[in-house]
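Dear colleague,

Please find below the structure that I am handing over to you. My findings follow it, and I would be grateful if you read them with the structure open beside you.

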Amino acid sequence: MSFNLSDVLRVLAVIGLVPATIGDGAIGFAVMFLVVGGCMLPRALGVPPWLDALMCSSFIFAAWAALLDWYVSYEGLDLAVHAASTGLIGILASQVAQRARLLAPSGHPRERLAVAVATVSSAGLLATVWEIGEWIGYTYFDDAIQVGYDDTITDLIAGILGAGVAGLLAGAAVPRRVESTMPR
């Protein structure tokens with residue numbers, strides 16, 4: 001197993017535990033701990049290097065944007081991050097499902113559609129779980145976590161849009177079936 005750019009990002013995520021904890025206490029630690037786990041997952045699943053690097057980058061950026069209050073300072077950044085991260089998670093879920101043969105696309109248009117729908121569905125579900133986690137964090141741990149009805153709904157809309165783009169890309173990436181022109 002070789003060391004690559006994503007491994008450098010994983011090391012940065014682990015190192016980020018220290019300043020996040022110093023700056024934001026237990027919440028900072030929890031956020032960066034989730035990021036470390038999120039960065040380890042693509043490596044453990046053996047996804048393509050481009051997806052691994054994009055996922056690690058987006059998770060690290062998302063965490064620091066939250067911890068440094070960039071979402072408050074830069075309008076729309078939260079929505080862009082939700083769209084991008086959710087889309088990447090959807091692509092990851094689609095690839096895992098295909099490897100596990102839960103989705104075994106042969107290139108038939110219906111199977112391409114199945115990959116797209118599975119990508120959108122899994123990403124949408126995970127975006128919903130994330131929003132529930134934000135609410136739990138706000139309700140039971142730290143009321144400084146930025147949540148509210150408008151925030152939750154717009155985050156989910158952005159996540160679903162990102163999932164939709166990911167679904168289109170994942171479906172389009174399924175190789176088309178080549179019909180034989182040989183007589184039978």
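Arginine 10 and aspartate 7 are both buried in this predicted model. Their relative accessible areas are 4% for arginine 10 and 6% for aspartate 7, so each falls under the 20% that marks a buried residue. The two side chains form a salt bridge, with N and O 2.9 Å apart. Why can these two residues meet within a single helix? Both belong to helix α1 (residues 5-45), where they are 3 residues apart and therefore separated by about one helical turn. In general, an α-helix has 3.6 residues a turn, so residues three or four places apart point the same way.

Each of these residues has a further partner. Aspartate 7 also forms a salt bridge with arginine 43, at 3.1 Å from N to O. Arginine 43 is partly exposed, with a relative accessibility of 25%. Arginine 10, for its part, forms a salt bridge with aspartate 52, where the closest N and O atoms are 2.8 Å apart. This pair joins distant parts of the chain, since arginine 10 is in helix α1 and aspartate 52 is in helix α2 (residues 49-67), 42 residues apart. Aspartate 52 is buried, at 3% relative accessibility. The salt bridges number 3, and Asp7, Arg10, Arg43 and Asp52 are linked by them in a network.

Helix α1 deserves attention for its course as well. Just after the helix, glycine 46 has a positive phi of about 65°.

Helix α5 (residues 109-140) gives another result. Its 32 residues should span 46 Å at 1.5 Å a residue, and this agrees with the 46 Å between its end C-alpha atoms. Among the buried residues of α5 are Arg112, Val115, Thr119, Glu131 and Glu134. Helices α4 (77-99) and α6 (149-173) are included in what covers the buried residues of α5. Serine 94 lies in α4 and is itself buried, with a relative accessibility of 3%. Leaving out residues up to four places away in sequence, serine 94 touches Val115, Thr119 and Ala170.

I turn last to the nonpolar cores. The largest has 20 residues, and those with the most contacts inside it are Ala13, Met32, Val35, Cys39, Leu51, Met55 and Ile60. Helices α1, α2 and α4 each give two or more residues to this core, and the largest share, 8 residues, comes from α1. What does alanine 13 touch, leaving aside its neighbours within four places in sequence? Alanine 13 is in contact with Met32, Val35, Val36, Cys39 and Ile60.

With kind regards

Definitions and conventions:
Residues numbered from 1 in each chain as written. Predicted model: local features only at pLDDT ≥ 70, side-chain atom pairs only at ≥ 80, totals over all residues. Heavy atoms only, no water. Salt bridge = Lys/Arg side-chain N within 4 Å of Asp/Glu carboxyl O. Helix = DSSP H or I, 4+ residues; strand = E, 2+ residues; numbered from the N terminus. Buried < 20%, exposed > 50% of the residue type's maximum accessible area, 1.4 Å probe, protein only. Expected span 1.5 Å × (residues − 1). Contact = heavy atoms within 4.5 Å. Core = buried A, V, L, I, M, F, W, Y, C linked by side-chain atoms within 4.5 Å.
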